[in-house]
Amino acid sequence: MLNNDWDQVLKVVFEGEGFKKFYHVVEEEYKTKTIFPPKDYIFNALKLTPYKNVKVVIVGQDPYHGVGEAHGLSFSVQKGIKVPPSLKNIYKELESDLGIQPFPEGDLSYWARQGVLLLNAVLTVEKDKPASHRNLGWERLTDYIIKTLNNKEEPVVFILWGNFAKEKQKYITNPKHLILTSAHPSPFSASYGFFGSKPFSKTNEYLKQNGLEPIDWNLKNNQ
């Protein structure tokens with residue numbers, strides 16, 4: 001299904017009757033409504049960041065609900081799409097934290113390929129209806145993903161922005177891991193603790209302390 005080690009890690013979920021029934025509902029939604037991301041991109045985060053490579057997890061809520069935006073990575077949009085407000089604020093904090101100039105595009109695949117799992121808690125959404133697939137059943141899968149990452153021997157940095165993401169903290173109990181929390185980067189909340197939180201430098205410091213390669217957050221280096 002994913003063509004990497006996630007297939008084995010998530011086998012118990014994917015082969016369960018509950019997930020099969022749930023996924024049938026998702027497939028029916030795609031047949032009858034306009035659903036994002038495109039079906040081939042639903043599991044993009046897992047495809048681009050194999051389990052063994054995960055060093056950082058950035059938890060989002062659900063995909064962008066506008067045409068052409070979502071492609072299966074939290075906070076990321078497809079090439080050629082205007083950078084959304086939350087991502088603009090992420091870029092602002094990145095500049096303040098590490099001096100990296102804001103990038104004109106919003107595709108974060110370069111981070112994903114370095115081991116940053118850009119995981120939305122809900123993996124699909126109906127066009128123009130934010131949170132429309134919340135409680136449809138995705139949370140069972142994505143909570144399980146976080147639990148399996150908690151079991152990793154190698155240190156992982158979990159970046160939880162906003163109250164929704166912070167709810168996932170209860171699944172992260174392994175003392176080897178680092179949890180970074182702050183307000184959400186949305187324009188409504190970024191000024192209440194997101195700006196100035198320095199998640200990028202803190203992540204890289206922790207990775208280096210544990211003998212791991214830091215993340216190159218500069219998207220222009222992927223050009």
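This is a predicted model: local features need pLDDT of at least 70, side-chain atom pairs count only at pLDDT 80 or more; totals for chains, interfaces and linings use all residues.
Biologist: What makes A131 count as partly exposed?

Modeller: A131 has a relative accessible area of 39%. Residues are numbered from 1 along each chain as its sequence is written, and side-chain values use heavy atoms, leaving out hydrogens and water.

Biologist: Where is A131, and what is its phi?

Modeller: A131 sits in the loop between β4 and α7. Helices (H or I, at least four residues) and strands (E, at least two) are DSSP runs, numbered from the N terminus. Phi of A131 is near 65°, a positive value in a residue other than glycine. D128, in the loop between β4 (125-126) and α7, also has a positive phi, near 60°. Most residues other than glycine have a negative phi, and most peptide bonds are trans. On the peptide side, the bond from F36 to P37 is cis, with omega near -5°, and P37 lies in the loop between β1 (35-36) and α4 (44-48).

Biologist: How do you know whether α7 is enclosed or open?

Modeller: Count the buried residues: 10 of the 13 in α7 are buried, so the helix is largely enclosed by the rest of the structure. Among them are W138, L141, I145 and L149.

Biologist: What does L141 touch?

Modeller: Leaving aside neighbours within four places in sequence, L141 is in contact (heavy atoms within 4.5 Å) with L10, V13, F14, F19, F43 and L123. L141 is also among the residues with the most contacts inside the largest nonpolar core, which has 69 residues. Such a core is a set of buried Ala, Val, Leu, Ile, Met, Phe, Trp, Tyr and Cys residues joined through side-chain atoms within 4.5 Å.

Biologist: Why are α5 and α9 called oblique?

Modeller: Their axes come within 8 Å and cross at roughly 60°. Under 35 degrees is roughly parallel, over 145 roughly antiparallel, 65 to 115 roughly perpendicular, and the rest oblique, so α5 and α9 are oblique. Axes here are lines fitted to C-alpha atoms, for helices over the stretch in contact, with angles from 0 to 180 degrees between N-to-C directions.

Biologist: Which residues meet there?

Modeller: I90, E93, L94, D97 and L98 in α5 meet P199, F200 and S201 in α9. They divide into 5 nonpolar, 1 polar and 2 charged; Ala, Val, Leu, Ile, Met, Phe, Trp, Tyr, Cys and Pro count as nonpolar, Asp, Glu, Lys and Arg as charged, and the others, Gly among them, as polar.

Biologist: Is F195 buried or partly exposed?

Modeller: Partly exposed, because its relative accessibility is 35%. F195 lies in the loop between β6 and α9 and touches N89, K92, E93 and A190, leaving aside neighbours within four places in sequence.

Biologist: And what makes N218 buried?

Modeller: N218 has 15% relative accessibility, so it counts as buried. N218 is in the segment after α9.

Technical notes
Buried means under 20% relative accessible area, exposed over 50%, partly exposed in between (1.4 Å probe, protein chains only).
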